[in-house]
Structures are given as C-alpha cells and as structure tokens.
Amino acid sequence: HSFHHYRYEPDVIKRLYGSRILRLFSAAVIDQGIISLANLALAALLIRYVGAGEYGLFVLVQVSIALLASIMDAWVNGPLSVLAPQRSEEQRDVMISGVRFSLLRFLGLLFLPCLAVPLIGSALGFIESSMVPLLVMGVIAGTIGLYREFLRSALRIRAEMNKLLLADAVYVTVLISGAVLVVNVPDPSAVKALMALAVAAATGIFFLRRALDIPKFSDAAVRKSSWREMRPLGIWAAVGAAIYWVQSQSFNYALAIRLSEVAVGHVNASRLMIMPMFQLCTGVSHLLLPSAAGWLHHEGLPSLVRRLLKFMAVLLVMDVAYLLVLWIMRDWITEDLMRAEIPHRDLLILLWATHALLGMTREMLQAALLALKRFRALAWLSLVAAVAALGAMWFGVVHLGAPGAVVGTAAGELTFLIGLIFLLMQSLRRDRAATQQADGSVRNGRQEL
C-alpha cells in the first residue's frame with residue numbers, strides 16, 4: 001500500500017533515490033580509499049625494507065593476477081552487473097548464486113593445472129628454479145583473489161556497500177599486518193609478500209561469504225540459462241579486457257625487457273602515489289554499472305549520460321584536490337616514507353596523473369556503452385587503443401627511458417577516450433532518432449483517431 005502511495009509522488013521518490021545513491025557513492029569512496037591506503041602502505045614497506053628489485057618482481061606477478069582478474073571481471077562480473085539488476089530481487093539472487101556455484105567449480109578445476117606449470121617448467125629447464133616459489137605463490141594468491149573479487153562484485157550488485165566496506169576493512173587490516181610481519185622476518189622477499197596477500201584475500205572471502213546472505217542455488221537448468229544469457233556479452237567483454245590490459249599494464253614488461261626490474265619498481269613506486277585516483281575511479285565505476293543499467297532501462301540514454309557527467313565532475317574535483325595535496329607532500333612520501341630515490345619522479349607523477357584523469361573520464365562514459373551492451377564495439381576500440389599504446393610505449397622507452405612507458409599508456413587512454421566519445425555520440429543520435437520516430441507515430445495515431 002505504501003509503495004503504491006509513493007509511486008505517484010515523483011519528488012519524494014527522487015529525494016529518496018538520490019539519498020540512496022549518495023550513500024552508495026560515499027561508501028564506495030570510503031571503500032576504495034582504505035584499499036588504496038593499504039596498497040600504498042604495502043608498497044612503501046616493500047620498497048623501504050625489501051628493495052626496488054624484489055618489489056619489481058612482486059609487481060610483475062601482481063599485474064599478471066590483475067590480467068586474470070580483469071578477464072574474469074569482463075567475462076562474469078560485467079555481464080552479471082548489467083543483467084542481474086533488471087530482474088526481481090529473488091531472480092537476481094538466484095542468478096548470482098548459480099554463477100557463484102559455476103565459478104567455484106571452474107576455479108577448482110583450473111587451480112591444479114596452473115600450479116603444475118611452474119613445477120613442470122622448472123623440471124624441463126624452461127623456468128629458473130629460483131622463480132618457482134614466486135610463481136606458485138602467485139597462482140595461489142591469484143585464485144583466491146579471483147573468488148574474492150566475484151563476491152565483492154555480487155555485493156555491489158545487491159547495493160550492500162556497508163557489508164562490503166566492513167569485509168574490505170578486515171581484508172585491509174590483515175594485509176597491513178601481514179606486510180609488517182613480512183618486512184620484520186629474516187630474508188623478506190616478494191614470495192612472502194604474495195603470501196601475505198593470499199592470507200588477506202582468504203580472510204576477506206570468509207567475511208564476504210557471510211555478508212552475501214543468499215540461498216545456494218545449484219540447479220543446472222538455471223545455471224545454463226544464466227550463462228547462456230551472459231555469454232554473448234562476456235565473450236566480447238573478455239576480449240576487450242585482455243586487450244585493454246595490454247594497453248594499460250604491458251609497460252611493466254616493456255620496462256623489464258628494455259631496462260630492468262629496478263626500473264619497474266621505480267615507475268610503479270611513482271604510480272603508487274597516484275593509485276588512490278585509480279582505485280577511486282575503479283570502485284565508483286564498478287558501483288555505477290548496475291545502477292547505469294537500471295537508469296538506462298527506466299529513464300533512457302540522455303538521462304543516463306547526464307548522471308554520468310555529474311559523477312565525472314565530482315570525481316574530477318576530488319582528483320584535483322588529491323593531486324594538490326600529493327604535490328605538496330611528494331618529498332616526504334618518497335624520501336621519508338618510502339626512503340627511495342626515484343629518477344624523473346616529478347615527471348612520472350605528472351604523467352601518471354594525466355593517465356588517471358583520462359582513465360576516469362573513460363570509465364564514466366564507458367558505463368553508458370556497457371549498459372547499452374555494446375561490448376563488441378568496445379573490444380574493437382580496445383584493440384585500436386592497444387596498438388597506439390604499444391607503439392608509443394616502445395618508441396618512448398627507447399627515446400625517453402622510463403617516463404616513455406607512461407607516455408605510451410596515456411596515449412592509449414587518449415585514443416580509447418576519443419573513440420568512446422564517438423561511439424557515445426552515435427548512440428545518442430540513434431536514440432534521438434528513435435524517440436522522434438516514436439513521437440511521430442503517436443501523433444499520427446492521434447490524428448487518425
């Protein structure tokens with residue numbers, strides 16, 4: 001009765017809905033803030049007590065885990081975030097639970113073969129024996145991390161940000177405690193840092209599973225139906241995510257091949273100072289995707305774009321404020337906190353900040369095209385951007401050294417953003433034409449009557 005009473009009061013509904021969005025946005029900002037601080041603390045401890053070389057090895061494994069996470073996010077979490085919010089709450093939970101059941105089986109089947117790869121490679125002489133512990137621990141941390149990311153995505157779809165915030169707070173506490181322990185034991189290394197990452201992720205999973213309070217549905221027909229609906233979106237999304245990873249993360253391997261692991265550590269140390277901007281954008285964009293699908297369904301594309309532009313303006317103000325504080329504190333962070341001497345530090349900070357601002361704009365506008373299910377177009381656009389990024393990256397490293405790698409990633413982001421704006425304008429023109437055609441049909445029908 002109350003629902004039917006308020007549904008005819010649009011101002012009340014807008015105020016209530018607006019406050020809900022504000023609460024979700026605030027929780028997302030806080031959540032990503034604590035995760036960013038944890039990552040910064042972990043990196044600062046490793047650089048300070050372990051050294052840039054070991055930290056560089058840790059980063060190389062970490063970005064490989066990030067590749068798997070981005071593919072899974074595109075294959076599973078992205079389509080699920082688009083499709084599940086269009087269902088009733090009960091149907092949404094059934095879909096989430098069925099996908100979780102299938103994902104657990106898939107990760108279980110994949111774990112042992114992946115664990116055997118470094119062992120077999122070492123036995124055959126393809127992989128150095130000293131790298132085996134690092135790769136084995138990377139497989140363990142990666143598998144646990146993938147499941148954790150799915151559970152986090154499920155809570156975002158259910159708009160239960162307070163539960164997610166609590167679970168992530170526990171994860172951060174365990175991660176920082178583990179990092180402090182790692183740097184205080186004899187012979188600290190990247191392997192032990194990955195072990196701390198795996199333990200923190202496993203602890204986070206325990207609390208996330210308790211927070212995701214939905215019944216277990218394992219009906220085969222339901223699972224097949226869900227995957228059948230997600231598959232057309234997931235294929236192109238996964239292809240696009242893998243290509244985008246080449247654009248945004250391959251600079252680490254370019255630096256390792258062209259320069260050294262120490263250069264990887266230095267460039268990523270400068271990137272860490274900008275990481276809160278990346279993390280904030282990622283957290284908000286993940287939260288926005290389910291909301292964007294709902295806004296598109298109920299209000300249309302023009303209204304969705306206006307909302308995304310407002311979010312982009314708020315994030316821009318927050319990013320600029322953070323950059324001003326960072327610029328003032330940059331000496332203290334590198335010299336006192338990290339105790340690291342980073343060549344071309346100021347230039348690297350400015351380049352990473354440019355990359356982050358371009359990426360934030362891209363993430364906000366991309367939510368509209370994801371809600372429109374234009375995954376195939378985005379995959380092709382990722383390919384064009386990756387080619388531009390790799391070309392600029394290899395040329396930049398040769399002529400500019402380490403900063404050239406960041407120039408390449410920024411060039412890829414700019415290329416992607418230009419193409420994204422073109423696709424979005426194209427979609428808006430189609431939407432406007434369809435609206436005008438529908439209005440014309442209504443007017444003609446009225447005249448006939």
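Biologist: Which ring does Arg-148 lie over?
Modeller: First, this is a predicted model, in which local features need pLDDT of at least 70, side-chain atom pairs count only at pLDDT 80 or more, and totals for chains, interfaces and linings use all residues. Residues are numbered from 1 along each chain as its sequence is written, and side-chain values use heavy atoms, leaving out hydrogens and water. A charge sits over a ring if NZ of Lys or CZ of Arg is within 6 Å of the ring centre and within 35 degrees of the ring normal. Arg-148 lies 3.6 Å from the ring centre, over the face of Tyr-171.

Biologist: Is Arg-148 buried or exposed?
Modeller: Buried means under 20% relative accessible area, exposed over 50%, and partly exposed in between (1.4 Å probe, protein chains only). Arg-148 has a relative accessible area of 6%, so the word for it is buried.

Biologist: Which residue forms a salt bridge with Arg-148?
Modeller: A salt bridge needs a side-chain nitrogen of Lys or Arg within 4 Å of a carboxyl oxygen of Asp or Glu. The closest N and O atoms are 3.3 Å apart, and the partner is Glu-149.

Biologist: How many salt bridges are there by that rule?
Modeller: One of them joins Glu-363 to Arg-362 (3.3 Å, N to O). Others share partners and tie Arg-92, Asp-93, Arg-158, Glu-160 and Lys-163 into one network. The count of salt bridges comes to 13.

Biologist: How many helices does the protein chain have?
Modeller: Helices (H or I, at least four residues) and strands (E, at least two) are DSSP runs, numbered from the N terminus. The protein chain has zero strands, and its helices number 14.

Biologist: How far apart are the end C-alpha atoms of helix α5?
Modeller: The expected span of a helix is 1.5 Å times one less than its number of residues. For the 26 residues of α5 (residues 132-157) that gives 38 Å, and the model agrees, with its ends apart by 38 Å.

Biologist: How many residues of α5 are buried?
Modeller: The helix has 26 residues and is largely enclosed by the rest of the structure. That description holds because the buried ones number 20.

Biologist: Which residue forms an aromatic pair with Phe-278?
Modeller: Rings of Phe, Tyr and Trp (its six-membered ring) pair if their centres lie within 6.5 Å; planes under 30 degrees apart are stacked, over 60 edge-to-face and the rest tilted. Two aromatic pairs are found by this rule. One is Phe-206 with Phe-207, edge-to-face at 5.3 Å centre to centre and 85° between the planes. Phe-278 is also in an edge-to-face pair, at 6.2 Å and 80°, and its partner is Trp-352.

Biologist: Which residue has its charged end over the ring of Trp-352?
Modeller: The charged end lies 5.3 Å from the centre of the Trp-352 ring and belongs to Arg-271.

Biologist: What is the relative accessible area of Ala-193?
Modeller: Ala-193 is part of helix α7 (residues 190-211). Among the other buried residues of α7 are Leu-194, Gly-204 and Ile-205. Ala-193 counts as buried because its relative accessibility is 1%.
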